[in-house]
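Trainee: I am new to this structure and would like to take a close look at a single part of it. Could you go through that part slowly, and then show me what surrounds it?

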Amino acid sequence: MHVLAIGGAGVMGRAALYAVRDFPEVDQITIADINLSAANSAAKDIGTKAVPMKLDIMDEEALARAIGTADVVLNTSGPFFRFGLHVLKATIAAGRPYFDICDDAEPTLDMLKLDHQARESGTVAVVGIGASPGITNLLAVKAYRELDSVDRLITGWNVDGKIAEEEFKQKKEQTPAAFVHWLEQLTGSIPVFSHGKPQYRKPLEPVLVNYPGLGKRKLYRVGHPEAITLGYNFTELTEAPNLMVLGTEVRIFLESLAKKVDKGELTVDEAADCLAQQRVAGIISLGGFLRIFLGKLQRQIDLPEAFALAEGHKNGKPSTVACAVMSLPTFDLGACTGIPMAVALRLYLDKKISQPGVHAPETIIDPDDFFKAFLPYCRVPFIPTSIEELLEVRRS
């Protein structure tokens, strides 16, 4: 099998390929990137199966040729609101299996509209199979199945946890696509689905969540595919918000950047550059001060790195079910996002993903199959036996 990894020279692409290279079915991995030097470096890291390729994905003829030589396409080339739909269309035209980590809401809607074309060409396409979306969607399915009826299905990810802390510590010489994506989804208005119909809400709007066994905390809305696909696929839901766990200092800084973008004082790229170049350093320094004084006013509960909540009824009584990952590959956004896509490819090769069409993770991947295949890539999990032990895991 020949795998074409578009954007495979990036940190998320490489993380996926470290797993994919060990699949016995895979004979060749072509790492396609507009930066040939980066593709060469990635190919050297991945090993003998990897071949570098210079590819401008906006060159339609070059993209079609590259896809035509491959057996499957992995796409980690972001930001997806700029490039995702373009690559998916070309892959459907070629009738190749397709997997990506699309984390932008708007192109996800457009991608889902290509479902009929994908079915006609026999293309299996799974969009948004990373950490969030991806792991979060499948946690939501597990929580959903525990109740007799569900009113609200929440997915959440932690920007106040260790993964975010490590990301902010890293020096960024260039603006990463992840930051551009983040600012894009925190500005303007964001799409959500309510009772199966599209609506728009304000990003960074606070939403009070009552996490079973832990308590209440305000989380904050962000534009993300989960709010689209879960609400689209489970039409009885009042909504399916995707929420961030934000520390006070990061929230203040993000709000200030988002307001500047909305007022036209900064572009999304310029605002993302403020994060990437660590101009946030002054706010993070202030963070210690804010934690001491604001923390005394309102103690915040610790929440998992990635989780889902189903709110509804069980046996005629109001009930809430929480589902969270207790172990991840490492405290690194690249591994947490790239490896789930590799796991999805593994399930495809094992014929556990086979239905043609454009799918969100929750409509084609069985969560039990996924987490069983995902576990070997994770740190050894510790299963707490009490709330106190759960909190200790979060602090350690």
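In which sense do strand 7 (residues 149-158) and strand 12 (residues 242-245) pair, and over how many bridges?

Mentor: Before the answer, a word on what is shown: this is a predicted model, in which local features need pLDDT of at least 70 and side-chain atom pairs count only at pLDDT 80 or more, while totals for chains, interfaces and linings use all residues. Residues are numbered from 1 along each chain as its sequence is written, and side-chain values use heavy atoms, with hydrogens and water left out.

Strand 7 and strand 12 pair in the parallel sense, over four bridges; here two strands pair if DSSP finds at least two bridges between them, and helices (H or I, at least four residues) and strands (E, at least two) are DSSP runs, numbered from the N terminus. Within this pairing, Thr-155 stands opposite Asn-242 in strand 12. As background, strands of a sheet pair through backbone hydrogen bonds, either parallel or antiparallel.

The two strands belong to an open sheet of six strands, whose order is 10-11-12-7-13-14 and whose pairing is mixed. At its edges are strand 10 (206-211) and strand 14 (317-324), each of which pairs on one side only. From one strand to the next, the twist averages 35°, where angles run from 0 to 180 degrees between N-to-C directions and axes are lines fitted to C-alpha atoms, for helices over the stretch in contact. Helix 7 (residues 135-145) packs on the sheet, where it touches strand 7, strand 13 (306-314) and strand 14, and its direction makes about 25° with that of strand 13; touching, or contact, means heavy atoms within 4.5 Å.

Helix 10 is mostly covered, with seven of its nine residues buried, which here means under 20% relative accessible area, against over 50% for exposed and partly exposed in between (1.4 Å probe, protein chains only). The buried residues of helix 10 are Pro-225, Glu-226, Ala-227, Ile-228, Thr-229, Leu-230 and Gly-231.

One of the covering elements, helix 5 (residues 105-112), packs against helix 10 (residues 225-233) at an angle of about 35°, with the axes 8 Å apart. On the side of helix 5 the residues that meet the partner are Ala-105, Thr-108, Leu-109 and Leu-112, while helix 10 brings Pro-225, Ile-228, Thr-229 and Tyr-232. By kind, the residues of this contact divide into six nonpolar, two polar and no charged, where Ala, Val, Leu, Ile, Met, Phe, Trp, Tyr, Cys and Pro count as nonpolar, Asp, Glu, Lys and Arg as charged, and the others, Gly among them, as polar.

Going back to helix 7, the loop between strand 6 (124-126) and that helix holds Ala-131, which is buried, with a relative accessible area of 17%. Leaving aside neighbours within four places in sequence, Ala-131 is in contact with Thr-136, Cys-336, Thr-337 and Pro-340. Ala-131 and Leu-333 lie 202 residues apart in sequence, yet their C-alpha atoms are 8.3 Å apart in space.

A search of the whole structure finds zero disulfides, a disulfide being a pair of cysteine sulfur atoms within 2.5 Å. Cys-336 is accordingly in no disulfide, and the nearest cysteine sulfur, that of Cys-378, is 8.0 Å away. Another cysteine, Cys-323, is buried as well, with a relative accessible area of 15%.

Helix 14 (333-349) is among the elements that cover the buried residues of helix 1, together with strand 1 (2-6), strand 2 (28-33), helix 2 (36-46) and strand 4 (72-75). Helix 1 (residues 11-20) is mostly covered, eight of its ten residues being buried.

For the setting as a whole, the secondary structure of the protein comes to 17 helices and 15 strands, and 54% of its 396 residues count as buried. Of the contacts with a separation of 6 or more, 73% are accounted for by residues 24 or more positions apart.
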